[in-house]
Amino acid sequence: MSDILVLTGSPRKNGNTRMLADAFVDGAAEGGLDVRVIHVAGLNIAPCQGCGYCQEHEGVCIQKDDMARIMPHLYSARTIVFATPVYYFAMSAQLKTALDRMYATLAKPPTIDSCILLAVYGDTDTTVPEALIHNYKVFTGYSGWKDLGIVTAAGVNDAGEIAGHPALEEARELGKSLVSLFRKS
Ligand SMILES: Cc1cc2nc3c(=O)[nH]c(=O)nc-3n(C[C@H](O)[C@H](O)[C@H](O)COP(=O)(O)O)c2cc1C
């Protein structure tokens, strides 16, 4: 059981995505929130086959892989955080693969009611994450999840280049801000 589930989608384990996610987690944990971080890119998750088995079997997927490590948390956490590098104007394929597998939750609604997007990218053109943000807004809106915040870090390419970037403080503050939100309800 955790308050927040963070899914990180970069194959670079100690890259910029991870550092941005860590800043968010530090802020949330400072306020005593329980946070679970899962490095999705390090898991073995096969793409959804669209077979519909899950819809007939209470959200259980016919494929047996590491998605089973994420699913239980969708039924205990309240907020889900998508942390990703921008790959060709979208989230990483690793994270999208896990998201597609959440299709199974249509058959058995999760406890998630809110969401956050954290994204890093190499370009300094701040229009780069627009398509990703639009996608995030439509799929989370469809899922009925309230958007609690979006933090993006532009101009970071090499692993660790995000050090000192203002987005880290923004992510930490966003994490902290959830404490009062969670206490109110
Ligand atoms: C396959 C691939 C696609 C990328 N596509 C974009 C892109 O469309 N726009 C951009 O600004 N940066 C792009 N980048 C750069 C990454 O977003 C950037 O290096 C980021 O900091 C990587 O995060 P990480 O350190 O967490 O892996 C791409 C990098 C890779 C490897």
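In strand 2 (residues 35-39), Thr8 has His39 as its bridge partner. Helices (H or I, at least four residues) and strands (E, at least two) are DSSP runs, numbered from the N terminus. The model is a predicted one: local features need pLDDT of at least 70, side-chain atom pairs count only at pLDDT 80 or more, and totals for chains, interfaces and linings use all residues. Residue numbers start from 1 along each chain as its sequence is written.

Ile4 also has a bridge partner in strand 2, namely Val35. Strand 1 (residues 4-8) and strand 2 are paired in the parallel sense, over five bridges. Two strands pair if DSSP finds at least two bridges between them. A crossover is right-handed if, with the strands pointing away from the viewer, the path from the first strand over the helix to the second runs clockwise.

Strand 1 also runs parallel to strand 3 (residues 79-85), and five bridges join the two. Here Ile4 stands opposite Thr79. Val6 has Val81 as its bridge partner in strand 3. Strand 3 in turn pairs with strand 4 in the parallel sense, over seven bridges. Within that pairing, Thr84 has Ala119 of strand 4 as its bridge partner. From strand 3 the chain crosses through helix 4 to strand 4, and this β-α-β crossover is right-handed.

Strand 1 is mostly covered, with five of its five residues buried. A residue is buried if 20 or more other C-beta atoms lie within 10 Å of its own, exposed if 12 or fewer, and partly exposed in between; C-beta atoms are placed from the backbone. Both faces of strand 1 are covered. Ile4, Val6 and Thr8 lie on one side, Leu5 and Leu7 on the other, and all are buried. Strand 3 is mostly covered too: seven of its seven residues are buried. Thr79, Val81, Ala83 and Pro85 point one way from strand 3. Ile80, Phe82 and Thr84 point the other way, and all of these residues are buried.

The largest nonpolar core holds 48 residues. Such a core is a set of buried Ala, Val, Leu, Ile, Met, Phe, Trp, Tyr and Cys residues joined through C-beta atoms within 7 Å. Leu7, Leu20, Phe24, Val81, Phe82 and Leu118 touch the most other members. Two or more residues come from each of strand 1, helix 1, strand 3, helix 4 (93-101), strand 4 (114-120), helix 5 (130-143), strand 5 (146-153) and helix 6. Helix 1 gives the largest share, seven residues. Leaving aside neighbours within four places in sequence, Val81 is in contact with Ile4, Leu5, Val6, Leu7, Phe24, Ile116 and Leu118. Contact requires that the C-beta atoms of two residues, placed from the backbone, lie within 7 Å.

Ala29 lies in helix 1. Ala29 counts as partly exposed because it has 16 C-beta neighbours inside 10 Å. The C-alpha atoms of Ala29 and Leu5 are separated by 12 Å, with the two residues 24 apart along the chain. Glu170 is found in helix 6 (residues 166-184). Glu170 is buried because 20 other C-beta atoms lie within 10 Å. Its C-alpha atom is separated by 18 Å from that of Leu7, 163 residues apart along the chain.

Most residues other than glycine have a negative phi. Glu58, not a glycine, has a positive phi of about 50 degrees. Glu58 is found in the loop between helix 2 (53-56) and helix 3 (71-74). With 9 C-beta neighbours inside 10 Å, Glu58 counts as exposed. Phe89 likewise has a positive phi, near 65 degrees. Phe89 is found in the loop between strand 3 and helix 4. With 14 other C-beta atoms within 10 Å, Phe89 is partly exposed.

The ligand is surrounded by 18 residues. A residue is near a molecule if its C-beta atom, placed from the backbone, lies within 6 Å of it. The closest are Ser10, Gly15, Thr17, Pro85 and Asp123. The shell divides into ten nonpolar, six polar and two charged residues. Ala, Val, Leu, Ile, Met, Phe, Trp, Tyr, Cys and Pro count as nonpolar, Asp, Glu, Lys and Arg as charged, and the others, Gly among them, as polar.
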